[in-house]
Amino acid sequence: MSQDSTASSPLSAFILPNGQSVKNRIVKASMEEGMGDANQAPDQNLFNLYRAWSEGGVGAILTGNVMIDRLAMTRPGGVVLEKDTDLSPFKTWASHAQSGGSKVWMQINHPGRQVFANMKGKVLSPSSVALKMGKHSKLFGQPKAMTESDINDVIQRFVDTALQAEKAGFDGVQIHAAHGYLIAQFLSPLTNQRDDDWGGALENRARILLSVVQQIKQQVSADFTVAVKLNSADFQRGGFDLGEAKQVVKMLQQEGIDFVELSGGSYESPAMQGKTADGRTLEREAYFLKFAKEIAESTQLPVMTTGGIRRFATAEQVVNSGPELVGIASALAFAPDLVNKWQHDKAFVVENKTVTWKDKTLAGLATMALVTRQLRRLGKNKSPKPNDSPFVTLLLEQLRKAKLTKRYLKRNGLN
Ligand SMILES: Cc1cc2nc3c(=O)[nH]c(=O)nc-3n(C[C@H](O)[C@H](O)[C@H](O)COP(=O)(O)O)c2cc1C
């Protein structure tokens, strides 16, 4: 959907269908920080980090994914928001994230089968299909096929978390339906082999997503943003693909959401890091732009695309191609004030590293570790350090994860 002739600058304001206004079109995309405290809540480190982003000039901030169930975690150190969670640290978090005039939308997620085996807890999926990652497959738990009551429980949890986010002062929520997490597992025919109302035809595979959206929309205020992050494709043979993504976007438009963010891939096919499992090549920058452009042409919904955007010229290319919002993740870990910098110097380019080891799984983990290291530094009010060694950083990250896993298991009585 193209709004008007002034829509061509990433630095121009944008108004969402619900009337919410963002001061510019650059959105800090979700990055799970693994910085939750011992109570799985945000603390001063996250407050500092989000203040740095908001004061750094982005139009809006999507939080790292917040878990809807303390027993189903994408990683140790994650933040959890459930029906009875104390809202005071979440209120402080929201106010820091809004301190520089940005909107803040909480991304809410259930990992489904993408749970590390050593985390124990619940490993749920539409069908009991485990991740296939060669010699790394054992890193993940064996999923249990969900019952009808498991499905209803998950829907209710998404709704409870969204209502809590609104009470805490967030400007909206984004439902994570991408990257191979639970809702994406329902959407993909590879992981959803059910023959009931939740599997088979696309309307059935999309039912859980649409139920979550409908129930949230029924209960939140009209000006509270409800968005969805969706894969433009899974980039796996036989997986959820562009044609289906287009149809799901149509269904979401009918439900009256405010925007759809397009990404791609999963642990099995890390397209969001620019690499695919089915051999399809992505753009070197703005990986999903071709797909986002095609989807934007087929919908009235505002579209955001995320992946590989680091230069102002690329952000400009995005908003001139159809999508209205530009999602940036890693670059904002290395330069949280990137938008302020672009206000004065459009040629400014962020120095950030991707790791190109032969073992793609380890390279992906090392790239993520380098980014999360910067987030922790920003949380301590220190500046980013782009030249850290990927090997040492990955090692330190693994040690930290082991420590946090112990803390998590103990706190939740799983050890
Ligand atoms: C450390 C890290 C954590 C991430 N966590 C999330 C997350 O919680 N939710 C999500 O939707 N995407 C997550 N992503 C993916 C990003 O939102 C984004 O789609 C991807 O990094 C590509 O964008 P970029 O090239 O600007 O980094 C994460 C990426 C990184 C590097």
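Student: What makes the charged end of K346 sit over the ring of F312?

Tutor: A charge sits over a ring if NZ of Lys or CZ of Arg is within 6 Å of the ring centre and within 35 degrees of the ring normal. The charged end of K346 is 5.3 Å from the centre of the F312 ring and is placed over that ring. Likewise, the charged end of K28 sits over the ring of W53, 4.3 Å from its centre.

Student: What kind of model are these values from, and how is it numbered?

Tutor: This is a predicted model, in which local features need pLDDT of at least 70, side-chain atom pairs count only at pLDDT 80 or more, and totals for chains, interfaces and linings use all residues. Residues are numbered from 1 along each chain as its sequence is written, and side-chain values use heavy atoms, with hydrogens and water left out.

Student: Why is the pair of F116 and Y267 called edge-to-face?

Tutor: Rings of Phe, Tyr and Trp (its six-membered ring) pair if their centres lie within 6.5 Å; planes under 30 degrees apart are stacked, over 60 edge-to-face, and the rest tilted. By this rule there are 12 aromatic pairs. The centres of F116 and Y267 are 6.2 Å apart and their planes meet at 75°, so this pair is edge-to-face. It links distant parts of the chain, 151 residues apart: F116 lies in the loop between β6 (103-109) and β7 (124-125), and Y267 in the loop between β11 (259-263) and α8 (289-297). Those helices (H or I, at least four residues) and strands (E, at least two) are DSSP runs, numbered from the N terminus.

Student: Are these two residues buried or partly exposed?

Tutor: Buried means under 20% relative accessible area, exposed over 50%, and partly exposed in between (1.4 Å probe, protein chains only). F116 has 12%, so F116 counts as buried. Y267 has 24%, so Y267 counts as partly exposed.

Student: Which residues do ring pairs link into a cluster?

Tutor: Y50, W53, F90, W93 and F170 are linked in this way.

Student: How do you know that the side chains of S125 and Q185 make a polar contact?

Tutor: A polar contact is a pair of N or O atoms within 3.5 Å; within protein, one must be able to donate a hydrogen and the other to accept it, and residues adjacent in sequence count only if both atoms are side-chain atoms. The contact between the S125 and Q185 side chains is at 2.7 Å. S125 is in strand β7, and its 0% relative accessibility makes S125 buried.

Student: Why is D234 called buried?

Tutor: Its relative accessible area is 7%, so D234 is buried. D234 lies in the loop between β10 (225-231) and α7 (242-254).

Student: Which polar backbone atom is 2.7 Å from an oxygen atom of the ligand?

Tutor: That atom belongs to S30. A nitrogen atom of the ligand is 2.8 Å from a polar backbone atom of E32.
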